[in-house]
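Here is my note on the model you sent. Please read it with the structure open beside you.

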Amino acid sequence: MPQSDSQSLSIIQPDDWHLHLRDGDVLDSTVPQAAKQFGRAIIMPNLRPPVVTTKDAINYRQRILNALPKGAEFEPLMTLYLTDNTQPEEIRHARESGIVHGVKLYPAGATTNSDAGVTSLDNCIKTLEEMQKQGIPLLIHGEVTDPEIDIFDREAVFIDKVLIPLRKKLPNLKIVFEHITTKAAAEYVTEADGYIGATVTPHHLLFNRNSLFAGGIRPHYYCLPILKREENRQALIKAVTCKNARFFAGTDSAPHARNTKESSCGCAGCYTASHAIELYVKAFQEAGQLDKLEWFTSINGPKFYNLPVNRNKITLVKEKWQISEELPFGKDRVVPLMAGEFLDWKLK
Ligand SMILES: NC(=O)N[C@@H](CC(=O)O)C(=O)O
Ligand SMILES: [Zn+2]
Ligand SMILES: [Zn+2]
């Protein structure tokens with residue numbers, strides 16, 4: 001049980017079930033920042049080139065571990081990037097390795113670095129069957145890519161056009177519907193039969209689509225799936241605050257160098273890994289549901305992934321502090337979500 005009084009809050013160490021760390025020299029900043037907040041994280045494979053084999057994942061994992069500060073405890077849980085050519089044999093290698101915890105489906109063209117993604121799930125059916133057999137979850141960026149479909153509807157259409165038919169074909173495949181943003185997705189995950197979970201980001205709990213245009217265009221609030229209407233945000237709050245074990249924290253912290261976001265064609269992704277727990281606390285506190293936070297951040301995720309719940313605890317204190325205007329990102333800088341604004345709770 002979380003322990004709280006009005007000035008401090010102790011919860012089981014949270015994990016991040018959806019995180020982008022990128023690669024190369026930026027690992028020296030992204031890894032320590034994530035490790036300060038989280039015990040473990042599911043590491044997204046959308047590098048250039050993507051992490052497609054178990055061997056790639058083993059090497060990437062080592063680069064992440066090399067960037068960890070001395071004494072820091074952080075376990076990267078690796079994933080593979082599903083392509084039209086991923087073979088069932090690769091799934092067996094992944095299972096044997098013990099370090100791969102999921103396989104990620106990016107519909108080709110849906111989001112950042114998704115051009116190597118899947119063009120049609122029919123190409124992958126044998127591989128998905130093997131995942132079902134091995135109990136390896138399929139992690140889904142759930143948006144259709146048809147440019148005719150309105151960007152605000154792409155997630156809801158994905159449920160009907162792709163997710164429901166897929167789950168009919170493979171009813172025992174474990175699925176994580178990643179970074180859900182709509183009432184439709186929250187309700188689907190709540191009501192569906194079988195083994196399904198969903199991650200929810202701090203930004204989709206805190207903001208609606210007005211934040212994209214508050215006084216002018218706000219590139220640091222642009223991510224995919226895009227922020228939605230207020231009624232959707234409220235449905236997400238309801239889903240994460242009712243102790244339903246299917247919903248767990250996944251920041252989708254997705255850093256891009258400042259100049260690539262503040263651009264005539266800016267990249268999608270919000271950087272939150274440096275203050276994600278504080279952002280989740282803000283969302284739960286504003287909803288008057290702080291006592292439900294620990295289920296979402298620290299208990300439901302490990303249960304879904306068949307991993308032990310962390311044994312250590314973290315403490316947050318009520319202390320006003322200012323989010324940095326920018327943070328190091330290799331040779332560049334990254335602008336965190338809510339840069340320059342104040343938060344009421346701080347991780348000790
Ligand atoms: N969420 C985003 O807007 N961007 C992510 C990709 C993703 O998770 O879809 C990224 O890698 O930048
Ligand atoms: Zn995504
Ligand atoms: Zn992501």
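This is a predicted model: local features need pLDDT of at least 70, side-chain atom pairs count only at pLDDT 80 or more; totals for chains, interfaces and linings use all residues.

The points below go from the whole chain down to single residues.

1. The protein holds 11 helices and 14 strands. Its C-alpha atoms fill a box of roughly 55 × 45 × 45 Å along the principal axes.

2. The UniProt record, an unreviewed entry, gives "domain: Amidohydrolase-related" for residues 16-308. Over residues 16-308 the chain is 38% helix and 12% strand. The end C-alpha atoms of that stretch are 14 Å apart.

3. **The parallel sheet.** Strands of a sheet pair through backbone hydrogen bonds, either parallel or antiparallel. One open sheet here has 8 strands, with parallel pairing. Follow them in the order β3-β4-β5-β6-β7-β8-β9-β10. The edge strands are β3 (16-19) and β10 (247-249), and each pairs on one side only. On average, neighbouring strands of this sheet are turned by 30° against each other, direction ignored.

4. **A pair to look at in that sheet.** Take strand β8 (residues 175-177) and strand β9 (residues 196-200). They run parallel and are joined by 3 bridges. Val176 stands opposite Gly197 in β9.

5. Ser8 stands opposite Val317 in β11.

6. **Two packed helices.** Two packed helices are described by the angle between their axes and the distance between the axes. Which residues of α5 meet α6? Glu155, Ala156 and Ile159 do, and their partners in α6 are Ala184, Ala185 and Tyr188. The contact residues divide into 5 nonpolar, no polar and 1 charged.

7. **Around the ligand.** Find ligand 1 next. The residues around it are His20, Asn46, Thr111, Thr112, Asn113, His141, Cys223, Leu224, Asp252, Ala254, Ala268 and Gly269. This shell counts 4 nonpolar, 7 polar and 1 charged residue.

8. **Backbone details to check.** Most residues other than glycine have a negative phi, and most peptide bonds are trans. The peptide bond from Arg48 to Pro49 is cis, with omega near -5°. Pro49 sits in the loop between β4 (40-43) and α2 (54-66). A cis peptide bond also joins Leu224 and Pro225, with omega about -10°. Pro225 lies in the loop between α7 (202-206) and α8 (230-240). Asp252 is not a glycine, yet its phi is positive, about 50°. Asp252 lies in the loop between β10 and α9 (258-261).

9. **Where these points meet.** Go back to the shell of ligand 1. Leu224 and Asp252 are both among its residues. Leu224 is joined to Pro225 by a cis bond, and Asp252 has the positive phi.

Notes. Residues are numbered from 1 along each chain as its sequence is written. Chains are lettered from A and ligands numbered from 1 in the order in which they are written. A residue is near a molecule or strand if its C-beta atom, placed from the backbone, lies within 6 Å of it. Ala, Val, Leu, Ile, Met, Phe, Trp, Tyr, Cys and Pro count as nonpolar, Asp, Glu, Lys and Arg as charged, and the others, Gly among them, as polar. UniProt positions are given in the numbering used here, feature names are shortened, and annotations may be inferred rather than shown by experiment. Helices (H or I, at least four residues) and strands (E, at least two) are DSSP runs, numbered from the N terminus. Two strands pair if DSSP finds at least two bridges between them. Two residues are in contact if their C-beta atoms, placed from the backbone, lie within 7 Å. Axes are lines fitted to C-alpha atoms, for helices over the stretch in contact, and angles run from 0 to 180 degrees between N-to-C directions.
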